[in-house]
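Subject: Structure handover

Hello,

Here is the structure we talked about. Please open it alongside this note; my findings follow.

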Amino acid sequence: MANQIESYWELVEPIFRVVDIYNGSEKYLQSSSKVSRPSLLLFAAHMCLAEIHNGGFLQFFWNNTGVLEPEAVEGFTVIGMSQMSSLLTEAAALLGSTYPRDREQRWDALVLASGHTDDDMERFVQQHQNLYLAFAEAAKSLPFDAMEQKFWTTAETENGGFQEAATRYARSLQSLQ
């Protein structure tokens, strides 16, 4: 048997060279089929957590990384973090009953969920001269702040915290080989 995995990162890091999250949902789905489903779920949970820690739910949904949401939900579940999965599901539900993998569709869903109009968004873009900051202005009406606090706390506490849960999961995958 190979040496025991020290960190889940050993399974996640190589996936960055295979999975394409930057060129649309079709490219993502094609490239993600080249890695094992369990490893993909771990990758998606990691990417989701990193993005939300960096800039919150808005950043995750607004950026290309948002294409991973369905796999991240499943990823949190398989590593034993069902509360994390539920919190992500709750946040994503604000974008509609069918999660939009396509980035521009997510942008439209964010505007719709915020209660703002296209005219409001044009005004926000003119005020901020930056598309992301315009979306941040629109998203102030969404309950992301409170959800993020729960998400971050849960990431540290549920099932020993994300790092521990993800590493245990990665080790369980290794033992199946």
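Which residues in α5 meet which residues in α9? From α5 they are Gln83, Met84, Leu87, Leu88, Glu90 and Ala91, and from α9 they are Phe144, Met147, Lys150, Phe151, Thr154 and Ala155. Contact means heavy atoms within 4.5 Å.

Some ground rules before the rest. This is a predicted model, in which local features need pLDDT of at least 70 and side-chain atom pairs count only at pLDDT 80 or more, while totals for chains, interfaces and linings use all residues. Residues are numbered from 1 along each chain as its sequence is written, and side-chain values use heavy atoms, with hydrogens and water left out. Helices are DSSP runs (H or I, at least four residues), numbered from the N terminus.

**α5 and α9**

Helix α5 covers residues 82-93. The axes of α5 and α9 come within 9 Å and cross at roughly 165°. Axes are lines fitted to C-alpha atoms over the stretch in contact, and angles run from 0 to 180 degrees between N-to-C directions. The two helices are therefore roughly antiparallel (over 145 degrees). Their contact residues divide into 8 nonpolar, 2 polar and 2 charged. Nonpolar means Ala, Val, Leu, Ile, Met, Phe, Trp, Tyr, Cys and Pro; charged means Asp, Glu, Lys and Arg; the others, Gly among them, are polar.

**α3 and α9**

The axes of α3 and α9 come within 10 Å and cross at roughly 165°. That makes α3 roughly antiparallel to α9. On the α3 side, the contact includes Cys48, Ile52, His53 and Phe57. On the α9 side, Met147, Phe151 and Trp152 are among the residues involved. By class, this contact has 11 nonpolar, 2 polar and 1 charged residues.

**α3 and α4**

Helix α3 (residues 37-62) and helix α4 (residues 69-78) pack at about 110°, with axes 7 Å apart. That makes α3 roughly perpendicular to α4 (65 to 115 degrees). The contact includes Arg37, Leu40 and Phe60 of α3, and Glu69, Ala72 and Phe76 of α4. Its residues divide into 11 nonpolar, 1 polar and 4 charged.

**Largest pocket**

The largest pocket is lined by Gly55, Leu58, Tyr132, Ala136, Ala139, Lys140, Leu142, Phe144, Asp145 and Glu148. A pocket is an open set of points on a 1 Å grid where a 1.4 Å probe fits, with protein on both sides within 12 Å along at least five of seven lines; lining residues have an atom within 4 Å of a point. α3, α8 (131-139) and α9 (144-157) each give two or more residues to the lining. By class, the lining has 6 nonpolar, 1 polar and 3 charged residues.

Best wishes

Key:
Angles under 35 degrees count as roughly parallel, over 145 as roughly antiparallel, 65 to 115 as roughly perpendicular and the rest as oblique.
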